[in-house]
Amino acid sequence: MHAFDVLGDPVRRRILELLAAGEQPAGALGETVRREFGISQPAVSQHLKVLREHGFTTVRAEGTRRLYAVDPGPLREIDAWLAGFRRFWAPPLAALATELARGRRERRLRGNEPDDERTNP
């Protein structure tokens with residue numbers, strides 16, 4: 001299964017979003033996902049298994065609990081692949097930042113906007 005096939009599922013993407021905040025027990029992940037998606041606990045377990053088997057998460061035992069965390073390896077691979085496409089959105093965003101800065105400067109020069117020192121105590 002390709003990384004984008006793994007992440008193509010909204011449940012698995014949501015699990016990774018939850019894990020981005022830090023390590024979490026399987027039970028807490030399951031409760032959130034079941035509430036948000038209306039799926040069963042075995043279905044959540046299957047999604048966790050797919051993420052684990054394809055390297056997107058790690059799991060460690062702590063007593064009877066299973067704690068899941070993001071494994072950044074596959075995400076780095078996706079980021080590297082996306083790097084070839086970043087030029088399609090990065091320059092327009094850089095141009096937008098330049099225009100915003102230009103507008104702030106012009107307003108400041110006209111006296112319509114306080115400079116940063118006065119707005120940041």
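The legends below describe several close-up views of one predicted protein model.

In this predicted model, local features need pLDDT of at least 70 and side-chain atom pairs count only at pLDDT 80 or more, whereas totals for chains, interfaces and linings use all residues. Residues are numbered from 1 along each chain as its sequence is written, and side-chain values use heavy atoms, with hydrogens and water left out.

**View 1. The overall protein chain and its elements.** The protein chain holds 7 helices and 3 strands. Helices (H or I, at least four residues) and strands (E, at least two) are DSSP runs, numbered from the N terminus. Read from the N terminus on, the elements follow the order α-α-β-α-α-β-β-α-α-α. The C-alpha atoms fill a box of roughly 65 × 35 × 25 Å, taken along the principal axes. The radius of gyration of the protein chain is 22 Å, while a compact globule of 121 residues would have a value near 14 Å. This radius is taken over C-alpha atoms, and the globule rule is 2.2 Å times the number of residues to the power 0.38.

View 2. Of the 121 residues, 22% count as buried. Buried means under 20% relative accessible area, exposed means over 50%, and partly exposed lies in between (1.4 Å probe, protein chains only). There are 20 positive and 17 negative side chains, and the centres of the two sets lie 1 Å apart. Lys and Arg count as positive and Asp and Glu as negative; His and the chain ends are not counted. The place of a charge is taken as NZ of Lys, CZ of Arg, CG of Asp or CD of Glu.

View 3. Strands of a sheet pair through backbone hydrogen bonds, either parallel or antiparallel. Here the open sheet has the strand order 1-3-2, with antiparallel pairing. Its edge strands are strand 1 (24-25) and strand 2 (57-62), each of which pairs on one side only. Two strands pair if DSSP finds at least two bridges between them. Strand 1 is joined to strand 3 (residues 65-70) by 2 bridges. Within this pair, Q24 stands opposite Y68, and P25 stands opposite L67.

**View 4. The hairpin of strand 2 and strand 3.** These two strands run antiparallel and are joined by 6 bridges. R60 stands opposite L67 in strand 3. The hairpin has 2 residues between the strands, and G63 takes a positive phi near 65 degrees.

View 5. H47 belongs to helix 4 (residues 41-53). This residue counts as buried because its relative accessibility is 13%. Leaving aside neighbours within four places in sequence, H47 is in contact (heavy atoms within 4.5 Å) with D9, V11, R12, I15 and I39. H47 and D9 are 38 residues apart in sequence, and their C-alpha atoms are 9.0 Å apart in space.

View 6. T32 lies in helix 3 (residues 26-37). With 15% relative accessibility, T32 counts as buried. Apart from neighbours within four places in sequence, T32 is in contact with R14 and L18. A83 is found in helix 5 (residues 72-83). A83 counts as partly exposed because its relative accessibility is 41%. The C-alpha atoms of A83 and H47, 36 residues apart along the chain, are separated by 27 Å.
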